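Try each task on the model before you read its solution.

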Amino acid sequence: MRQIILDTETTGIDPKEGHRLIEIGAVEMINRRLTGRTYHQYVNPERLIDAEAIGVHGITDERVANEPVFAEIADAFWDFIKGAQLVIHNAPFDVGFIDHEFGLINPGRANPLGPVADHCAILDTLKLAREKHPGQRNNLDALCKRYDIDNGHRVLHGALLDAEILGDVYLAMTGGQTALGLDVIEEGDGEEGGIVGVRRLRADRPRLVTPGLSALELERHSAWCEEIRGKADECLFDRLSIDALGSLDSVSIDSASLDGASLDSRGNRGDDA
């Protein structure tokens with residue numbers, strides 16, 4: 001599955017009041033693995049940025065004055081997200097702004113873009129977080145704290161940085177590429193207290209070792225296979241090695257190979273076989 005973790009920054013709160021996009025950040029994930037492909041673009045909004053918004057993301061009118069307008073970057077952005085599942089924190093906000101931008105440029109285009117929901121699946125991580133943690137704060141900073149994700153470098157909001165952080169939060173919330181840590185956040189830490197930390201598994205972690213089959217289990221399995229053979233032309237388990245079931249190496253499971261064999265408690269052949 002191809003997923004795009006996406007975030008935007010804007011001139012204000014509501015596109016219906018004429019507010020526009022000023023930054024888009026997105027990271028690509030395929031089969032729950034970050035690919036390293038990103039999309040990042042500042043946009044000239046063709047209007048002034050509200051002071052309250054600058055206080056949140058720190059992007060000034062001067063910073064975006066020489067950036068391309070949305071119409072100039074729309075095709076490249078659309079090609080990056082089209083057909084993917086979009087993972088967005090408070091998706092209605094970002095999708096509303098994106099669709100608003102498409103609506104402004106589509107009248108003059110031969111190939112209209114959007115609406116986003118008609119071409120992309122949308123997963124709202126804010127909605128997911130509220131379902132998993134009802135009654136708690138579920139903004140991005142709170143989720144980073146809850147899942148022990150380092151966001152110390154995040155002073156102001158920034159679309160690409162927030163998208164990268166959201167990717168870690170999404171994987172932690174949905175259980176992929178993570179492992180429960182043994183350190184529990186100290187009691188008395190407000191609403192986050194008592195939550196077990198979550199960290200990504202190391203790629204070089206030891207493989208899980210499973211116990212082998214006992215002699216009795218092998219004998220019962222052999223008898224079961226023989227019963228199947230009596231009712232059908234073949235037993236597919238004959239094609240498996242006992243090693244695949246956690247015991248003998250490269251020995252086919254069939255009654256002939258087991259009959260008369262002496263097996264120890266781990267299913268290994270004895271010298272009298």
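This is a predicted model: local features need pLDDT of at least 70, side-chain atom pairs count only at pLDDT 80 or more; totals for chains, interfaces and linings use all residues.

Residues are numbered from 1 along each chain as its sequence is written, and side-chain values use heavy atoms, with hydrogens and water left out.

**Exercise 1. Find how many helices and strands the chain has, and what share of its residues is buried.**

Step 1: Take helices (H or I, at least four residues) and strands (E, at least two) as DSSP runs, numbered from the N terminus. The chain then has 10 helices and seven strands.

Step 2: Call a residue buried under 20% relative accessible area, exposed over 50% and partly exposed in between, with a 1.4 Å probe and protein chains only. Of the 273 residues in the chain, 41% are buried.

**Exercise 2. Work out the strand order of the open sheet of five strands, and which strands stand at the edges.**

Step 1: Let two strands pair if DSSP finds at least two bridges between them. The order is β3-β2-β1-β4-β5, and the pairing is mixed.

Step 2: β3 and β5 (121-124) each have a single partner strand, so they stand at the edges and one side of each lacks a neighbour in the sheet.

Step 3: Look at one pairing. Strand β2 (residues 21-30) meets β3 in the antiparallel sense over seven bridges, and V27 stands opposite T38 in β3.

Step 4: α3 lies across β1 (2-10), β2, β3 and β4 (85-88), and runs at about 170° to β3.

Step 5: Helix α6 (residues 125-132) also packs on the sheet, where it touches β4 and β5, and its direction makes about 45° with that of β5.

**Exercise 3. Decide how enclosed helix α8 is.**

Step 1: Helix α8 (residues 159-174) has 16 residues.

Step 2: Count the buried ones: 12 of the 16 residues of α8 are buried, so the helix is largely enclosed by the rest of the structure. Among them are L160, I165, L166 and Y170.

Step 3: Go just past the end of α8, where G175 takes a positive phi of about 85°.

**Exercise 4. Find how many aromatic pairs the whole structure has, and describe two of them.**

Step 1: Pair rings of Phe, Tyr and Trp (its six-membered ring) if their centres lie within 6.5 Å; planes under 30 degrees apart are stacked, over 60 edge-to-face and the rest tilted. The search finds five aromatic pairs.

Step 2: Y39 and F80 have ring centres 5.9 Å apart and planes at 35°, so this pair is tilted. Y39 lies in strand β3 (residues 33-42) and F80 in helix α3 (residues 70-81), so the pair ties together parts that are 41 residues apart in sequence. Both Y39 and F80 are buried.

Step 3: The rings of F93 and F97 have centres 5.0 Å apart and planes at 50°, so this pair is tilted. F93 and F97 are four residues apart in helix α4 (residues 91-105), which means about one helical turn separates them. F93 is partly exposed at 27% relative accessibility, whereas F97 is buried at 0%.

Step 4: Y39, F77 and F80 form one aromatic cluster.

Technical notes. Contact means heavy atoms within 4.5 Å. Axes are lines fitted to C-alpha atoms, for helices over the stretch in contact, and angles run from 0 to 180 degrees between N-to-C directions. The expected span of a helix is 1.5 Å times one less than its number of residues.
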